[in-house]
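Dear colleague,

Please find below the structure that I am handing over to you. My notes on what was found follow it, and I would ask you to read them with the structure open.

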Amino acid sequence: MKKPTKPRLNADKFYKMRQDGYTNKQIAQRYNVSVSGVRGGVSEYRKWRKWVQRDNQEPELNAIETKLPKFKQAIKPVVIRRLTYNDNNADGFWSRYKALKKSKRWVKIFFPFDKHIPFHDPDAVALDAEIIKSIGADIIIHGSDIFDFPTISRHEPDYELQQSPSFDDCYERIQSAYKEDTDRLIEAGNYPLMPFIFGNHDLRFNEMALSGRTPKTLLRLFTDLIKHEGRVHYLGNTQELLLDSLFIRHDGGAGQNVAKSMTTKDHTVHHVAGHTHRPDGYTHKAIRFTSHAMVVGCRCDLVPHYETNRGKYTSNWTQSLGMAILDTDTDAVQFTNFMYYRDETHIYAIDGTTRYSVPLSFTGVI
Ligand SMILES: [Fe+2]
Ligand SMILES: [Fe+2]
């Protein structure tokens, strides 16, 4: 290997600061040099170091480091930007998604939307994990009304729920269920990518904090909960995600046929949505592109908590689990919406000749 040119003044320090996570701009400010000077120095030092290490020139490296004159100018303090509630790990998601597409042409994506913790149905959630485990998942879209936050609704709070819109109450009720649910999905999917999108219910917490009803700093705690120690990719305050030709969002709109209205509004992509708790599907054949749409069902209690004492309620809500197999080469997509049924002993879903089932955790009145 040819001996590279000796690095410029302070290049070793630039390099070390870059390793420590400082940006070129911050280093440039600290040493009062230009950003391109920092970049050049880092690159020179990297080459030099490589050469030293490969050709076993350790003494040379030490020599250059000790020979560098001491920096005399007063050092400006470097202020690292404080994290805010909206800090996200979206970059990590996109680079991993890119890597996934390089290794796989067909990407399997699951949509276990509308759990409404703490009003989730444990049997439906168990069946989600069973299906995901059998098929395998590359990506699980997390969130999309994963929480309910009934006491902090903009609508009139439910009389029968003790109304205490404090952070502690909200947080304590959701956090253990969220962690348990996330871990179960990670294990079932064998460590899939898990981007998080907000549903309108999840956003109630943000709205409460931003309206001043609870300290904004608590949003940070909520965001940290969502991230689940980095295992969930927090994409920011978004209810949407576009994965190549697949447009995923929490709310596809209201109406009789949500899937149809999604494709007719935009037939250049495929659509997936939750929110209405009523599974639906539609295919729109446009001139150049056939656009598919799927609305997935919920996994919350089919008889809502606020109706249990009233006796007459018949829910239109339906439980189902959505799956998409996305062909990242051709933009084609194959949707499957696993409808959930029950008999006396089990909750199950049938896909072709395969039956997925888990025993009911309780039988009788649902
Ligand atoms: Fe929902
Ligand atoms: Fe919703």
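Which strands does α6 lie across, and at about what angle does α6 run to β15? Helix α6 lies across β14 and β15, and its direction is at about 140° to that of β15. Please bear in mind throughout that this is a predicted model.

Strands β13, β14 and β15 form an open sheet of three strands, in the order β13-β14-β15, with antiparallel pairing. Its edge strands are β13 (341-342) and β15 (354-359), each of which pairs on one side only. Between β13 and β14 (residues 346-351), which run antiparallel, there are two bridges. Within this pairing, Y341 stands opposite Y348 of β14.

A hairpin

Strands β9 (residues 280-285) and β10 (residues 290-295) also pair in the antiparallel sense, over six bridges. Together β9 and β10 form a hairpin, with four residues between them.

The chain as a whole

The protein chain contains 10 helices and 15 strands. Of its 366 residues, 36% count as buried. If one takes the contacts between residues at least 6 apart in sequence, 67% of them join residues at least 24 apart.

In soluble globular proteins, nonpolar side chains tend to be buried together. Here the largest nonpolar core has 65 residues, and those with the most contacts inside it are I109, F110, I141, L246, I248, V272 and A324. Helix α6 (residues 122-135) supplies the largest share of this core, namely five residues. A second, separate core has 10 residues, among them Y15, M17, V38 and Y45. To return to A324 of the largest core, this residue touches I109, L246, V272, V333 and F335, leaving aside residues up to four places away in sequence.

Helix α2 and its neighbours

Which residues of helix α2 are buried? In α2 (residues 24-31), the buried residues are I27, R30 and Y31. Viewed down the axis of α2, these buried residues fall within an arc of 85°, so they line one face of the helix. The buried residues of α2 pack against α1 (11-19) and α3 (35-54).

Helices α2 and α3 pack at an angle of about 105°, and their axes are 8 Å apart. Angles of 65 to 115 degrees count as roughly perpendicular, and α2 and α3 are therefore roughly perpendicular to each other. On the α2 side the contact is made by N24, K25, I27 and A28, and on the α3 side by V35, G37, V38 and R39. After α2 comes N32, whose phi is positive, near 55°.

A partly exposed residue

Finally, L218 lies in helix α9 (residues 217-227). Why does L218 count as partly exposed? L218 has 17 C-beta neighbours inside 10 Å, whereas a buried residue needs 20 or more and an exposed one has 12 or fewer. In sequence L218 and F205 are 13 residues apart, and in space they are 9.5 Å apart, C-alpha to C-alpha.

With kind regards

Terms used. Residues are numbered from 1 along each chain as its sequence is written. Chains are lettered from A and ligands numbered from 1 in the order in which they are written. This is a predicted model: local features need pLDDT of at least 70, side-chain atom pairs count only at pLDDT 80 or more; totals for chains, interfaces and linings use all residues. A nonpolar core is a set of buried Ala, Val, Leu, Ile, Met, Phe, Trp, Tyr and Cys residues joined through C-beta atoms within 7 Å. Two residues are in contact if their C-beta atoms, placed from the backbone, lie within 7 Å. The arc is that of the directions from the helix axis to the C-beta atoms. Two strands pair if DSSP finds at least two bridges between them. Axes are lines fitted to C-alpha atoms, for helices over the stretch in contact, and angles run from 0 to 180 degrees between N-to-C directions. Angles under 35 degrees count as roughly parallel, over 145 as roughly antiparallel, 65 to 115 as roughly perpendicular and the rest as oblique.
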